[in-house]
Amino acid sequence: MSANTVLLDFSLDPARINDEVSRKDIVRLCKEGLEKYLTGLKISYDMLTADGYLCILNESSSGTIVTIRFFEQGLITINVEYYRRDGDEPKLSFENMKTLENGLRIRLEAKRSKHLPPIKRGSNIDVYLTSSDERVIEYDIDRVLYDKRSEFQKIQIVHSKSLGNMLVLDELQNIAEADLIYTETLMRRGIEDYVGKEICILGGGDGALLYELLKEKPKHVVMLEIDDMVMQACNKYMNSICGNVLEKRKDDNYEIIVDDCVRYLHKFSQEGRKFDYVFGDLTDIPISETPTGEIWDFIRKILQSSFEVLKPDGKFMTHGNGVSCPESLKMYEEQLVKLEPKVSYTKCTAFVPSFMEEWVFYQVQREDTNVVASV
């Protein structure tokens, strides 16, 4: 069940919108077009606004509300909102929406027109998530398999018809069963040699990175994940990407520690423990105007602490953000330049299915000269 909002818009000559007689004729044409699908529409309210005109119609038998908004610049928007119960037919099918739009475009003599499928609000299954640059993405989610809130975050595992099961943390998609490319690009499979290496994973609660790294025959991997509920959920619903590593938690060649990774990095540093690779599988690079605030402070702390436990030729591997966020990526690279001792970095990209966008991954290591960045 959900409140459905159908959106249409039309661009007209501004002179017609600002003329009272013409405006009344436009309302009449819109009402006649809508009445083919919504019976008994009546105008319940209208008024002049600072930037145009507003007209509200209602279908008394069903509670459907239609809002027609005139903007003096030459834009008309029509919003149709109604409540749809499970099993009910839509008030306006997709075909009807196209027919309505085309018919009104011709009758209104509009320069352009557009319709959007219904926006579904208030449903038990939330199908809307966002891209890295905050665009709305509608997913084909049909089931919620897990929905709980831990001490640290909201945890959901949902099922997508095209992506399989998908981990969503605090309303942000993290990884789906279709996202092997994400893990393989993060670890640079086929490029980096992990045989016999000591590896530390910061975060990685879905278990996918640990599972894939173990296939590369490392000497030992330690994973530091603070949220045990994430691992429990992924162990139950995402084992196609994590195998049984989250079930066993410890074996001859790996160990999962449930704790704060910053605290353990300090502990490893005090003990003199060193790694060939440290993976930052934690928060994405923030979208912000400046590299300030709690998350940026955390990112700088992780970078500094990771290099304290890396061997001289060791590498820090991490994910960044979408290629559509160049300003934030640039700010992250500026933080890398400030690291002491000096580091160099490379970066690569991959299209991640569940993100529905190109994602950036970084590989960082010490150097004796100035930073040289390559793509």
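Predicted model: local features only at pLDDT ≥ 70, side-chain atom pairs only at ≥ 80, totals over all residues.

Helix α4 spans residues 180-187, and its buried residues are Y182, T183, T185, L186 and M187. What do the buried residues of α4 pack against? Their partners are the helix α5 (208-214) and the strands β12 (172-176), β17 (275-281), β18 (310-322), β19 (343-352) and β20 (357-366).

Strand β12, one of these partners, also belongs to an open sheet of four strands in the order β9-β10-β11-β12, with antiparallel pairing. Because β9 and β12 each have a single partner strand, they stand at the edges of the sheet, and one side of each is left without a neighbour there. On average, neighbouring strands of this sheet are turned by 25 degrees against each other, direction ignored.

Two of the pairings are listed here.

| Strands | Sense | Bridges | Facing residues |
|---|---|---|---|
| β9 (residues 141-149) and β10 (residues 154-160) | antiparallel | seven bridges | Y146 and I157 |

How many residues lie between β9 and β10 in their hairpin? Four residues separate the two strands. Within this pairing, Y146 has I157 of β10 as its bridge partner.

Conventions:
Residues numbered from 1 in each chain as written. Heavy atoms only, no water. Buried < 20%, exposed > 50% of the residue type's maximum accessible area, 1.4 Å probe, protein only. Contact = heavy atoms within 4.5 Å. Pairing = 2+ DSSP bridges. Axes fitted to C-alpha atoms, helices over the stretch in contact; angles between N-to-C directions.
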